[in-house]
Each structure stands twice: as structure tokens, then as C-alpha cells.
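Here are my notes on the model, as numbered points. Please read them with the structure open.

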Amino acid sequence: MTRRSAEAIAVLIREGWNVRHPPYGYAAMTVTGARSRHGTPRTRLTPDPRRALVVQDVFYWRAITGLSVEHITARLDADPGRYPPPGTHTAWPLAAVETMLTDVKYTGYQATGTRDENGAFRPVEQWVLSDQPAHRALVTPALFWAAQDPVTSVRRIPHRLLAPVHGSTASGDEKEVR
């Protein structure tokens, strides 16, 4: 990616736009009237009612019960009707659970640049985050950080990720988010 395109993506991220495929648990919602200079519709993330609950369970199992990624994957695979695997998979790949647990987008912020070219976390000072929550959070920042593996290089929490969660429910029924 060129420096110019990286800078353009950073601007879109800071404004809260979705620029990539939505993570598991979210769907891309086209914003009427918002288009790129090439005419492509701009999107924001919105919770997928069925899969958002799966994301919440995964974070809860990791952060609160301390389950390993392997045990979480086995639990998901034990009930595919309740926990549908991502994409066209018939079972949950370990990498899908690992990716989910380390994607800061679940806290309601758009983000890019969180990992280096080898897949390791960059220092949080190098992350590009939206200036404010951009979509409904599926997990609280506290739950997100509690779910992080202690061997990762993530040590300092960006100040804005400690703010109250924007939209604390995954659906309009006011059910508490775990």
C-alpha cells in the first residue's frame, strides 16, 4: 500500500467509516448519500443480530471464565446452530477466534494499523482509531482488554477506549451486554 493510500484510509477510519470487510458479528450498512470520489457507497458497521451474541459469548468465555482459544473453539463447534461459523466454514477455525478476540472494532471504534506485517500487535500509539465510537459496541473496552492474552505487546490502553461505550446493547431490547 502506498503512503498516500494509507493516509487516505487513516482519514476515513478517523471519521468512523468502514473500509474493509465487516468483522464477524457485524454487517456493513450503506449510508445513503455518502460516496467515495469513485462513486462507491460508504458504509458503517451495524450488529448482525444473530452473530453479535456469539461475539459477546466468546469475549465472556475468554475474559471472565479464562477459557483458552482451543476450548472456546470446541464450545462453538459443539453447537453450530447457536454459534454459526464464519463465512462458508463448517467448523470454527482457531484463527477466527484469535482474530475476533484481538479486533478492537468490537469496542465500537473503527481501527486500522493495529498489527504489523507479521501479524503482531503494534504499540497502541501507532494505531489509527476513529475519533469517537463509530458503531454500536458488542463488548465493553474493559471486557476487550480483559480478554487479551497477557503475552501480547498490548500494554497501554488508548485513553478514548476508556470512555463509556457507545450503544451498550447489541439489539434494541436493552439486554445487558456481557
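1. Overall burial. Of the protein's 178 residues, 43% count as buried. Buried means under 20% relative accessible area, exposed means over 50%, and partly exposed lies in between (1.4 Å probe, protein chains only). The protein exposes about 10,000 Å², with carbon and sulfur atoms supplying 53% of it. Accessible areas come from the Shrake-Rupley method with a 1.4 Å probe; for residues, only the protein chains shown count as cover.

2. Ground rules. This is a predicted model: local features need pLDDT of at least 70, side-chain atom pairs count only at pLDDT 80 or more, and totals for chains, interfaces and linings use all residues. Residues are numbered from 1 along each chain as its sequence is written, and side-chain values use heavy atoms, with hydrogens and water left out.

3. Fold order. The secondary structure comes to five helices and four strands. From the N terminus on, the elements run α-β-β-α-α-α-β-β-α. Helices (H or I, at least four residues) and strands (E, at least two) are DSSP runs, numbered from the N terminus. Among contacts between residues at least 6 apart in sequence, 62% join residues at least 24 apart. Contact means heavy atoms within 4.5 Å.

4. Core. The largest nonpolar core has 32 residues, and Phe-59, Leu-76 and Tyr-106 have the most contacts inside it. Two or more residues each come from α2 (49–63), α3 (69–78), α4 (94–101) and α5 (141–146). Helix α2 gives the most, with seven residues. Such a core is a set of buried Ala, Val, Leu, Ile, Met, Phe, Trp, Tyr and Cys residues joined through side-chain atoms within 4.5 Å.

5. Helix α4. Its buried residues are Val-97, Met-100 and Leu-101. Seen down the axis of α4, they fall within an arc of 95 degrees, so they line one face of the helix. The arc is that of the directions from the helix axis to the C-beta atoms. The buried residues of α4 pack against α2, α3 and α5.

6. Aromatic pairs. Rings of Phe, Tyr and Trp (its six-membered ring) pair if their centres lie within 6.5 Å; planes under 30 degrees apart count as stacked, over 60 as edge-to-face and the rest as tilted. The count comes to eight aromatic pairs. Phe-59 and Tyr-106 are edge-to-face, 5.8 Å centre to centre with 65 degrees between the planes. Phe-59 lies in helix α2 and Tyr-106 in the loop between α4 and β3 (111–112), so the pair ties together parts that are 47 residues apart in sequence. Phe-59 is buried at 0% relative accessibility, and Tyr-106 is buried at 1%.

7. Stacked tryptophans. Which arrangement do Trp-127 and Trp-145 form? They are stacked, 6.0 Å centre to centre, with 10 degrees between the planes. Trp-127 is in the loop between β3 and β4 (128–129) and Trp-145 in helix α5, 18 residues apart. Both are buried.

8. Charges over rings. The charged end of Arg-75 sits over the ring of Trp-61, 4.8 Å from its centre. Arg-115 lies over the face of Phe-121, at 4.5 Å from the ring centre. The test is NZ of Lys or CZ of Arg within 6 Å of the ring centre and within 35 degrees of the ring normal.

9. Thr-46. This residue is in strand β2 (residues 41–47). Thr-46 is partly exposed, at 28% relative accessibility. Thr-46 and Arg-136 are 90 residues apart in sequence and 6.7 Å apart in space, C-alpha to C-alpha.
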